[in-house]
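Please examine the sequence and the structure shown below before reading further.

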Amino acid sequence: MDAIVLDHVSKTLKGRRVLDDVCLSLAPGGIYGFFGRNASGKTMLLRAVAGLIHVDAGEVTVFGRRVHKDIEYPPDMGLVIENIGLWGSLTALENLRLLADIRRVASEKDIRAALRRVGLAPEDRRKYRAFSMGMRQKLALAQAVMEKPRLLLLDEPTNGLDDEAVTLFRALAAEEKARGATILIATHQKEDVLDLCDRAFSIGEGRCREREVG
Amino acid sequence: MARFARRDGGYFLRALLGIPLGALFAVFATGGNTLEEMLMYLLGGLMARQMPGAFGFALNLLPVLTALYITSGAVTDELSRFAVYMLPRQRGRASWLLGRFALAFFGSLLFYALLLITLALGGLLLGADHAGASGVAQISLALLLTAGLNIALFAVLLNFLKLYLGGALAFFLTWLAVTPGQIAASLLLGVAGGWPVKLFPSAQGILALHELPALARALPEAAAFALPGFTVAFSACYSLFAAVLLAALGARAIRKYDFTL
């Protein structure tokens, strides 16, 4: 069974076709890169898979279940969305504890391990509002992986990260793949992740075309 | 859940700052002559008589709504900025939303009660005339359930609008929806001669009776009717029904919403 299937998916937003008859099948356990300029449609493709938008035509299937028909959101999913922050008055650890409280899948040990994996210190008492852009991005990555999800959807995951942090992210992605996770990465910084990808796609004007990796 | 309670408690504590503001507005808007008038103003049954026209309208309910904007921040969070990280983690979204609305309801109720108590104590200190205040206080206590629900409804409406329209516009539209709503309720009760109070014992309805001079004599009967018993039971059922309805509508609204952000 494919991890993700997009069957003739189209979406129009404010009169602009952001996804145009996209067809795609992705096997489980791989890393898939979606590259393109800003506003090319790569983010909307990830959001369609995540169930955050409703497609106008076609169908999105995640692990055999149709999004917005069989399920509202893929049930075992880690998500990084560009420019969405967390609670400013809480520390990194408190933010993750709050989110982990919903599903109760990640233990305290998992939460602390996730923070360390992205290069954040669980003991850091600074509030989120005092974080740099890079630290916020790292925390977003930590919340995505802390519950060891089956599916990871990462939108611009290397935004704001310095070289050292990008190296950490690459290691994180490789570890998640080794664990068996299916990972979709949408970015315009393809040099950061292209060599990690099992398959790569160019997105432009809502169209998705496979390209060679490497 | 303890962590959520702590976070929500933070919102509520910030909202409490609106209490002195609300009390000051009530004194200012009514002239501070009688405690009855001040209480009525806070319950939404009086417009700001000292300031006729648009400004008086603007002052009516503004402090309460402002504070509730913060009180219901717990719901706002889940419906806006953090929804993309919280919603996919929820299994039973309808029951979760029901919980959030219940929180907004009880938070609003508590806020309202504290506001009225503060004003009553403030009125004592100010030496305001207490004539008629006991009747209003009786109604206030008996109808807090529905008053809380009404305010929670406004708070939820505000949050949904915020999700779709942004904060400032949502706040303006909610206020616009509340004030004309009160006037419409008053007119309806005036036309109907007061009988809807017996079927729909809301604070707004009973206060509207008091607001219309021709029906002012109905107030003692309304106050007697509003004592605990049938009214409280009815209010509780009504609150439960409305909360379930709200949760269902909320879950549907979120399901249909595109998080294009």
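This is a predicted model: local features need pLDDT of at least 70, side-chain atom pairs count only at pLDDT 80 or more; totals for chains, interfaces and linings use all residues.

In chain A, helix H2 covers residues 92–103, and its buried residues are Ala92(A), Leu93(A), Asn95(A), Leu96(A), Leu98(A), Leu99(A) and Ala100(A). An α-helix has 3.6 residues a turn, so residues three or four places apart point the same way. Just past the end of H2(A) lies Arg104(A), where phi is positive, at about 55 degrees.

Which helix packs against H2(A) at an angle of about 30 degrees? The partner is helix H4 of chain A, residues 133–145, and the two axes are 10 Å apart. An angle under 35 degrees counts as roughly parallel, and H2(A) and H4(A) are therefore roughly parallel to each other. The crossing of H2(A) with H4(A) is right-handed. On the side of H2(A), the contact is formed by Ala92(A), Asn95(A), Leu96(A) and Leu99(A), while H4(A) supplies Leu139(A), Ala142(A) and Gln143(A). Sorted by class, this contact holds 5 nonpolar residues, 2 polar residues and no charged ones.

The next step is to view chain A as a whole. Chain A is divided into two domains: domain 1 consists of residues 1–76 together with 149–214, and domain 2 of residues 81–148. Their centres, taken over C-alpha atoms, are separated by 22 Å. Where the domains touch, domain 1 of chain A contributes 17 residues and domain 2 of chain A contributes 14 residues. On the domain 1 side, the elements that give two or more residues are strand S7 (151–155) and helix H5 (163–179) of chain A. H5(A) provides the largest share of that side, with 6 residues. The residues on this side of domain 1 comprise 9 nonpolar, 3 polar and 5 charged.

The description now turns to chain B. How many helices and strands does chain B have? There are 15 helices and 0 strands in chain B. Of its 261 residues, 43% are buried. Among the contacts in chain B between residues at least 6 apart in sequence, 76% link residues at least 24 apart.

Phe12(B) belongs to helix H1 of chain B, which spans residues 2–15. Is Phe12(B) buried or exposed? Phe12(B) is buried, because 20 other C-beta atoms lie within 10 Å, and the definition of a buried residue asks for 20 or more. Phe12(B) stands 98 residues from Leu110(B) in sequence, yet the C-alpha atoms of the two are 9.5 Å apart in space.

Helix H2 of chain B, residues 18–30, packs with helix H3 of chain B, residues 35–42, at an angle of about 120 degrees, and their axes are 9 Å apart. H2(B) and H3(B) are therefore oblique to each other. Their crossing is right-handed. From H2(B), the residues Gly22(B), Ala26(B), Val27(B), Ala29(B) and Thr30(B) meet Glu37(B), Met38(B), Tyr41(B) and Leu42(B) of H3(B). By class, the contact of H2(B) with H3(B) includes 6 nonpolar, 2 polar and 1 charged.

Note on methods
Residues are numbered from 1 along each chain as its sequence is written. Chains are lettered from A and ligands numbered from 1 in the order in which they are written. Domain bounds come from an automatic or database domain assignment. Two residues are in contact if their C-beta atoms, placed from the backbone, lie within 7 Å. Helices (H or I, at least four residues) and strands (E, at least two) are DSSP runs, numbered from the N terminus. Ala, Val, Leu, Ile, Met, Phe, Trp, Tyr, Cys and Pro count as nonpolar, Asp, Glu, Lys and Arg as charged, and the others, Gly among them, as polar. A residue is buried if 20 or more other C-beta atoms lie within 10 Å of its own, exposed if 12 or fewer, and partly exposed in between; C-beta atoms are placed from the backbone. Axes are lines fitted to C-alpha atoms, for helices over the stretch in contact, and angles run from 0 to 180 degrees between N-to-C directions. Angles under 35 degrees count as roughly parallel, over 145 as roughly antiparallel, 65 to 115 as roughly perpendicular and the rest as oblique. A crossing is left-handed if the near helix is turned anticlockwise from the far one by less than a right angle, and right-handed if clockwise.
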